[in-house]
Amino acid sequence: MKISFAKIFKSHSKAIPEIIIHTLSEHFPDAINIEWEQKKSSYEAIFYVNDVEHIAQITDSGILKEYKINLWPNELPGPIQEESHKLGEIMNGIAIYREDGLFYEVIVRDTQLNRSVVLFNHDAVLLSTRKL
């Protein structure tokens, strides 16, 4: 029996529940280019708003658990930039919005070109550091 290439390479799209789609559109009505991925007990949407990449996690019950927004280094708040510069050159920044607050994840590179991911709360208090 022959199987066509179209069947082999065809993506099997999974139906996203209406409650999940509604939650995303309620919080991000201008979202475009939405890509979905189903996780264990949630859905992850990667999308763009005003040419900026966002990632949202929505629980199976339709609750927005968290969302992330990519930031240019100069878009990070001043205190986050200051604390990050103490650790090295800022390579990337992400604002993380969760139920328990606003956080900033920053990738920094030291003088030996070693990269680390650092996590700050909204008050620029360093919460964690992890080498990449």
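Start by selecting Asn50, which sits in the loop between strand S2 (42-49) and strand S3 (52-59). Strands here are DSSP runs of E, at least two residues long, and they are numbered from the N terminus. Before you go on: this is a predicted model, where local features need pLDDT of at least 70, side-chain atom pairs count only at pLDDT 80 or more, and totals for chains, interfaces and linings use all residues. Residues are numbered from 1 along each chain as its sequence is written, and side-chain values use heavy atoms, leaving out hydrogens and water.

Asn50 isn't a glycine, yet its phi is positive, about 55 degrees. Is Asn50 buried or exposed? Asn50 is exposed, with a relative accessible area of 69%; exposed means over 50%, buried under 20%, and partly exposed in between, using a 1.4 Å probe and protein chains only.

Now pick Asp51, in the loop between S2 and S3. Asp51 has a positive phi too, near 65 degrees, and is not a glycine either. At 74% relative accessibility, Asp51 counts as exposed.

**Stop two: Thr59**

Move along to Thr59, in strand S3. Thr59 is buried, at 19% relative accessible area. Show its contacts (heavy atoms within 4.5 Å): leaving aside residues up to four places away in sequence, Thr59 touches Ile20, Ser41, Ser42 and Lys65.

Select residues 115-121 (S7) and 126-131 (S8), antiparallel strands joined by 5 bridges. Two strands pair if DSSP finds at least two bridges between them. Click Phe120 and look across to Leu126, its bridge partner in S8. Finish at Ala124: this hairpin has 4 residues between the strands, and Ala124 takes a positive phi near 70 degrees.
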